[in-house]
Amino acid sequence: MKNLILILILMLLPKFAYAKENLVLKGYWFECEFSEKTVPPKDQCEMLDDDGFNFKGNVAINVKNISSKETKCKKNKIGQCFQSNTKSINVTVGRSDQVKFQDSNLILTFLGCSQKFKLKNYINFIEAIPDKKKCFWTGKKHFYLKKFDGSVNIKK
């Protein structure tokens with residue numbers, strides 16, 4: 001009996017070892033300011049872009065931080081980025097898009113086309129890589145996103 005149990009454990013162990021968590025984004029996420037088209041940020045995403053998303057269920061709501069006075073942004077554009085450890089931000093809300101999370105993929109539907117992005121988890125951020133089959137509005141860019149845990153005030 002012990003041998004049978006041991007054999008079953010050895011047969012099933014690889015299935016558990018390769019199991020991946022299903023990544024689902026919830027809350028406010030912003031792009032990493034210093035990432036490149038397909039290269040992760042060198043600052044481990046400590047600086048965030050002012051454009052982001054609020055993921056609520058099956059909807060991604062576009063948001064923009066309007067309270068930053070940061071001067072160390074790309075191309076020296078003042079206020080178009082902010083430190084990820086900022087305690088509180090003010091945002092405006094833009095359009096909403098349908099999303100679905102499935103097997104660590106984000107599927108974004110916009111203008112009648114659903115684009116799949118593979119979500120890859122890093123220690124300090126998540127990479128969203130577009131699938132080879134692309135919607136007409138999808139570029140080759142990878143998105144490097146970090147969750148913002150500070151408080152968010154919505155301004156009209």
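**A guided tour of the chain**

Of the 156 residues in the chain, 36% count as buried. The model is predicted. Switching to a surface view shows an accessible area of about 10,200 Å², 57% of which belongs to carbon and sulfur atoms. Among contacts between residues at least 6 apart in sequence, 55% join residues at least 24 apart.

Next, select Leu-25, Phe-55, Val-99, Phe-101, Leu-106 and Leu-119. These residues have the most contacts inside the largest nonpolar core, which has 14 residues. Strands E5 (88-102), E6 (105-110), E7 (113-121) and E8 (126-130) each give two or more residues to this core.

Centre the view on Val-99. Beyond its neighbours within four places in sequence, Val-99 is in contact with Phe-55, Gly-57, Asn-58, Val-59, Ala-60, Leu-106, Ile-107 and Leu-108. Another core, of 13 residues, lies apart from the largest one; Tyr-28, Leu-48, Phe-125 and Val-152 are among its members.

Now turn to two loops. Select Asp-103, in the loop between E5 and E6. Asp-103 has a positive phi of about 50° although it is not a glycine, and it counts as exposed at 56% relative accessibility. Most residues other than glycine have a negative phi.

Finish at Leu-111, located in the loop between E6 and E7. Leu-111, likewise not a glycine, has a positive phi of about 50°. Is Leu-111 buried or exposed? Leu-111 is exposed, with a relative accessible area of 58%.

How values were computed: Residues are numbered from 1 along each chain as its sequence is written. This is a predicted model: local features need pLDDT of at least 70, side-chain atom pairs count only at pLDDT 80 or more; totals for chains, interfaces and linings use all residues. Side-chain values use heavy atoms; hydrogens and water are left out. A nonpolar core is a set of buried Ala, Val, Leu, Ile, Met, Phe, Trp, Tyr and Cys residues joined through side-chain atoms within 4.5 Å. Buried means under 20% relative accessible area, exposed over 50%, partly exposed in between (1.4 Å probe, protein chains only). Helices (H or I, at least four residues) and strands (E, at least two) are DSSP runs, numbered from the N terminus. Contact means heavy atoms within 4.5 Å. Accessible areas come from the Shrake-Rupley method with a 1.4 Å probe; for residues, only the protein chains shown count as cover.
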